[in-house]
Amino acid sequence: MLARDLHEDNRRSWNSATKAHNSHKGDQAAFLRSGGTTLFPEELELLGDIAGRRLVHLQCNAAQDTLSLAAAGADVTGVDISDEAISFATKLSEDSGIPATFVRSDVFDWLERTDSGRFDIAFSSYGAVNWLSDLTPWAAGIAKVLRPGGRFVVVEFHPIYGMINDDWQLADDYWMTGSEPVTWNDGVGDYVAESRNGLVPWGYEEGMAEVPDPAPCHMFSWGMSDVIGALLAAGLRLDVFREYPYSNGFAHGGNVLELPGRRFVPPADVPKFPLMYGIAVSRPA
């Protein structure tokens, strides 16, 4: 069941956090104008050729990835619950000269009201699934908005990653909450400051020292069977499922090691486990 009151808390929390995140990123428009992209090889591989495709980026945040997709030739719509994120995205599109359409909406509301078969591709990535209070209408909505033969791609942090504390020790169960929320009273954190050049390859700036006016937020922990099961139950076909032993851009945990390409792994003495996964599903023709 959708927890819309909690979604509203999350909207307010993201409005505050987005200001801090973007304060570290300098002239993003110049980076995009110069041909820069914030996309990683994993999502590009799963997406394939997107030139000329109608693509919706669900939970697009402040649109750095959205505009990178548009620059690659897609006709892109970005959807996000945060007013601050969509306002920033709209201006970033104007300043970079990369056209895209942006909609401020709870993703569940947008999926419900959007016409069937409108998009060739739907996309979501990196810290999106854990904000979904119910996977069933999410997956059903994605299946609806895709045309027959259309694809959904998600590249996401692995739920096993959520079991590990900053010292790389097991701290939580794999199925931590399911559809029950975990509330963080200090709100969405400044993970951009934590990751620095991992998320700002064109040059991290100190920016805000903390998130202004933080508001509580609520997250949901879903296992792999929850995510894949919801997509299959919606009638989508599983084409690709991959797990990756590194984290793209996000440098979380003590003594994290950086590999080429802004990939981060645990210290050498920590057993290896998946930090990300990638899924590609399609709507049968």
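Student: How far does the backbone nitrogen of Asp167 lie from a polar atom of the side chain of Asn165?

Tutor: The model is a predicted one. Asn165 is found in the loop between E5 and strand E6 (182–184). Its side chain reaches the backbone nitrogen of Gln169 at 3.0 Å. For the backbone nitrogen of Asp167, the separation from a polar atom of the Asn165 side chain is 2.9 Å.

Student: Is Asn165 buried, partly exposed or exposed?

Tutor: Buried means under 20% relative accessible area and exposed means over 50%, with partly exposed in between. Asn165 has a relative accessible area of 28%, so Asn165 is partly exposed.

Student: How far apart in space are Asn165 and Gly253, C-alpha to C-alpha?

Tutor: In sequence, Asn165 and Gly253 are 88 residues apart. In space, their C-alpha to C-alpha distance is 7.0 Å.

Student: Which element gives the most residues to the largest nonpolar core?

Tutor: The largest nonpolar core has 33 residues, and Trp138, Ile142 and Phe152 are among those with the most contacts inside it. Elements that each supply at least two residues of this core include strand E4 (119–125), helix H7 (135–145) and strand E12 (276–282). The element giving the most, with 6 residues, is H7.

Conventions:
Residues numbered from 1 in each chain as written. Predicted model: local features only at pLDDT ≥ 70, side-chain atom pairs only at ≥ 80, totals over all residues. Heavy atoms only, no water. Core = buried A, V, L, I, M, F, W, Y, C linked by side-chain atoms within 4.5 Å. Buried < 20%, exposed > 50% of the residue type's maximum accessible area, 1.4 Å probe, protein only. Helix = DSSP H or I, 4+ residues; strand = E, 2+ residues; numbered from the N terminus. Polar contact = N/O pair within 3.5 Å; in protein donor to acceptor, adjacent residues only side chain to side chain.
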